[in-house]
Structure formats: structure tokens, C-alpha cells
Amino acid sequence: MNVTRGFTGRPRVHRPGLPPGQYDAGDDWPVLSAEVTPDLAPADWTFRVDGLVEEPRTWNWEQAHALPGSVYEGDIHCVTSWSKFGVRFGGVSLDAFLAAVRPLPTATHAVAYSHTGYTTNLPLTDLTGGKAWIAFSHDGRPLAPEHGGPARLLVPHLYFWKSAKWIAGLKLLDHDEPGFWEQNGYHARGNPWEEQRYSGD
Ligand SMILES: Nc1nc2c(c(=O)[nH]1)N[C@H]1C(S)=C(S)[C@@H](COP(=O)(O)O)O[C@H]1N2
Ligand SMILES: [Mo]
């Protein structure tokens, strides 16, 4: 068994399902926030999809919960090298929101933005086909504020910085527009399996 020391002092044990350069955080769930956790009540939360769509639309908490529920059970991978196995998020598939606004054929990318001003960019193909959610719960309980509650974007097949906490909306574009971390040297797409951590990786 190949065991080396990580920066946390925890032994690094490789396990299947772990992308290159990642370690298993076990039961820990680190909080990574560039902003102060906002005081955002469900009643004040809204989610808007606009830009290159036929019918821009804003959902409030109740309206978003009226959409069919969808669960993600799987792993998450942060670019700072922790991964977490077997997490369970409940929410609504982004496909349900996108079906309502009907993206124009020219829409190729999106910028996701938070109620705090955080932004991150994604190709539209990474947000469709059952790969992305608006998540409201974790392990059957309301999502904790420090983890993005009451609602966060969840795009678990990409590095976790793409999963914007306190999600406020998506703007669909016909080009890629770097978000907060992407303007600061991080990769435009962030596929953990190809170790796309920094621009140029
Ligand atoms: N609004 C907002 N969303 C964010 C971040 C942030 O700083 N602000 N950090 C990102 C990063 S780098 C990671 S790894 C995950 C961390 O989510 P967690 O704190 O629930 O572990 O949120 C992502 N979404
Ligand atoms: Mo991260």
C-alpha cells in the first residue's frame, strides 16, 4: 500500500474512485468560502435563469420545490485536494429549470452567480443531462448555511468550486466568461479526472 503524508498530516491512502492528486477526507467536510456566510432565509432565496433563453424566469423557494425532486448520491472533489465519498444531496435537477426557460441554440456556456456575488463559469453541457442540481438538503437535512444553504449549485463531476453556494442564478451565454476563481488562475472547466486545476493544466 502506498501511503504518504498529506498537508493535513493525515495518511494518504489511494482508493478507487479518487481522482489523481486527491485524498479521502473521510467524515470531514471542510468549509471553503471566499465570502462571509450570508444570512439568507428560504423566504428570501430566489433562483433566476436568463441570458440566451426563450423565457427568462425566476423561481422562489416554493416554486423551486414544486419541481420534481432529484437526489445525487456520490462523491465530491475540491481542488485543494480533499474528496468526500458517498455524499447525498437532495434538490432539483438543473434540467428541470432549463426545460422551463428553453435555452436558445446559441447558448453554449453559463455563468453561475451567488446571492453573495461569487461567480463561476461552466459549459452548458456540464449543466445538462442529469449532471447538475440545485441542492437544498444534505443527508436528509436542510443544507447548512456554511455549506451554501438554503440552496447551492451542485456539479459533482467537476471540482467543487464550480458548485456555487447560495446560488442566485445562471446567465446563459454564447461564449465562456471566467468567474471568480477562473479569473484568478483556475481552470476554465475543472475536470478532476484530468486534473484541470489551473489554467493551462
Ligand atoms: N458562493 C461561494 N460558493 C462556493 C465557494 C465560495 O467561496 N463562495 N467556494 C467553492 C469551493 S472552492 C468549494 S471547494 C466549495 C466548498 O463547499 P463547502 O464549503 O460546502 O465544502 O464551494 C464552492 N462554492
Ligand atoms: Mo475548492
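Colleague: In which sense do strands E4 and E5 pair?

Modeller: This is a predicted model, where local features need pLDDT of at least 70, side-chain atom pairs count only at pLDDT 80 or more, and totals for chains, interfaces and linings use all residues. Residues are numbered from 1 along each chain as its sequence is written, chains are lettered from A and ligands numbered from 1 in the order in which they are written, and side-chain values use heavy atoms, leaving out hydrogens and water. Strands are DSSP runs of E with at least two residues, numbered from the N terminus, and two of them pair if DSSP finds at least two bridges between them. E4 covers residues 46–51 and E5 residues 57–60, and their four bridges are antiparallel.

Colleague: Which residue in E5 is the bridge partner of Arg 48?

Modeller: Happy to look! E4 and E5 form a hairpin, with five residues between them. Across it, Arg 48 has as its bridge partner Thr 58.

Colleague: Which residue in E7 is the bridge partner of Glu 73?

Modeller: E6 and E7 run antiparallel. The bridge partner of Glu 73 in E7 is Arg 88.

Colleague: What is the omega of the peptide bond from Gly 149 to Pro 150 near?

Modeller: Pro 150 is in the loop between strand E11 (141–142) and strand E12 (152–154). The bond from Gly 149 to Pro 150 is cis, with omega near 15°.

Colleague: How far is the side chain of His 147 from an oxygen atom of ligand 1?

Modeller: Ligand 1 is surrounded by 21 residues (each with a heavy atom within 4 Å), and His 147 is among the closest. A backbone N or O atom of Pro 30 lies 2.7 Å from a ligand oxygen atom. For an N or O atom in the side chain of His 147, the distance to an oxygen atom of ligand 1 is 2.6 Å.

Technical notes. Polar contact = N/O pair within 3.5 Å; in protein donor to acceptor, adjacent residues only side chain to side chain.
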